[in-house]
Amino acid sequence: MPRLKVIEGPIKGQDFEFSGDTVFIGRSSKNDIQIQDPGISRKQIKIFLIGGKFFVEDLKSTNGTSLNGRMITPGEGFQLGEEDMIAIGNTVLQLCELPPVKTLAAKALEDKRDQLLSRQEDWQSTDRRSKSPKNLELIYKITGLLRESMTINEFLHRVLGYILEALPRIDRAAIVLFEKQGEHVREVIARPRQDEGTEAFQYSKTVVEHVMRDKKAVRMSDTLYEPESALSREKGEERIRSVLCVPMIIKSQVFGAIYVDSLRVPYGFRRDDLLLLNSLSGSVAVAIENAQLEARGSE
């Protein structure tokens, strides 16, 4: 049975059995584990089990949560290993006696979650879009770009810049444009977060081909747990830790895709980022279609 040990802090030496799927920890008595540490928020973290793997999530606490000496992003799950140390306030916790990871069970659960998320890609009404202020601001900015006078490439580069601002854990973003029949990639407009040059951008051709063929989004939170066929072995793809790709569709025609990935860490995006990019894809597709119509009209 997994156990949570208190290595340092006011209740140093105590340990707790992890018998459920989720344990809440904080200063309040309403938590599963209460720790009277002044540096801990009333509800600080939760540790939860998914597919045989344990994760820790900071619940937007005041002082934050550290995992092995590095602060973690609030609201996101970070996988825990046997030797990992969780620091909250003046307290240090360690999850011990973990069972072996059931890779097949974890993969089955991930597939199920992906199927549920893929159903959401057809949501177009505003009331189903992400309502966080940051995401609404991004949608507003990109909608505003449609009113400005600029070339389509300028528009797409601006869109990519806004996406990088909104998703701080991704390293690269791209707009992939398809041929009219949706069978081949025509052009890639890429924007890495670091100044490495677009010529160094090696996107996952396998992922893009899946989106092109199936007209459905592809989301891989951690490529280490994906089958070998999920990514090709071309140069650059071995560095990809997480990837999200959403089709841009108008009247059943796939114009292209919005592609983002992370190279540093897995979980480069949150669950609702799929809805966000899906919301943006319609506006971007309309801009591309209008640019193509204007180009044909001027010929």
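The side chains of S61 and Q44 are joined by a polar contact of 3.0 Å. This comes from a predicted model, in which the chain averages a pLDDT of 78 and 80% of the residues score at least 70.

**Surroundings of S61**

- S61 sits in the loop that runs between β6 (53–58) and β7 (66–67).
- A polar contact of 2.6 Å also ties the side chain of S61 to the side chain of D58.
- With neighbours within four places in sequence left aside, the contacts of S61 are S41 and Q44; Q44 is also the partner in the 3.0 Å side-chain polar contact.
- The relative accessible area of S61 is 12%, and because the limit for buried is under 20%, S61 counts as buried.

**Salt bridges**

- Side chains of opposite charge can pair when their charged atoms come close.
- The count for this model comes to nine salt bridges.
- One of them pairs E76 with R169, with 2.8 Å between the closest N and O atoms. This pair links distant parts of the chain, 93 residues apart: E76 belongs to the loop between β8 (70–71) and β9 (78–79), and R169 to the loop between α3 (152–166) and β12 (172–178). E76 and R169 are both buried.
- R172 and D261 form a salt bridge through their side chains, at 2.6 Å from N to O. Here strand β12, which holds R172, is linked to strand β16 (residues 253–262), which holds D261, and the two residues are 89 apart in the chain. Both R172 and D261 are buried.
- R213 and D214 also meet in a salt bridge, with an N to O distance of 3.1 Å.
- A network of salt bridges links R3, D15 and E17.

**Six-stranded sheet**

- Six strands form an open sheet with antiparallel pairing, in the order β2-β1-β11-β10-β7-β8.
- Which strands stand at its edges? They are β2 (15–17) and β8; each has a single partner strand, so one side of each is left without a neighbour in the sheet.
- At the β8 end of the order, β7 and β8 run antiparallel and are joined by two bridges. S66 has M71 in β8 as its bridge partner.

**Five-stranded sheet**

- Another open sheet has five strands with mixed pairing, ordered β4-β3-β5-β6-β9.
- Its edge strands, β4 (33–34) and β9, each pair on one side only.
- β6 and β9 are antiparallel to each other, and two bridges connect them. Opposite F55 stands Q79 of β9.

**Confidence**

- For the chain as a whole, the average pLDDT is 78.

Note on methods. Residues numbered from 1 in each chain as written. Heavy atoms only, no water. Salt bridge = Lys/Arg side-chain N within 4 Å of Asp/Glu carboxyl O. Helix = DSSP H or I, 4+ residues; strand = E, 2+ residues; numbered from the N terminus. Buried < 20%, exposed > 50% of the residue type's maximum accessible area, 1.4 Å probe, protein only. pLDDT = per-residue confidence, 0-100. Polar contact = N/O pair within 3.5 Å; in protein donor to acceptor, adjacent residues only side chain to side chain. Contact = heavy atoms within 4.5 Å. Pairing = 2+ DSSP bridges.
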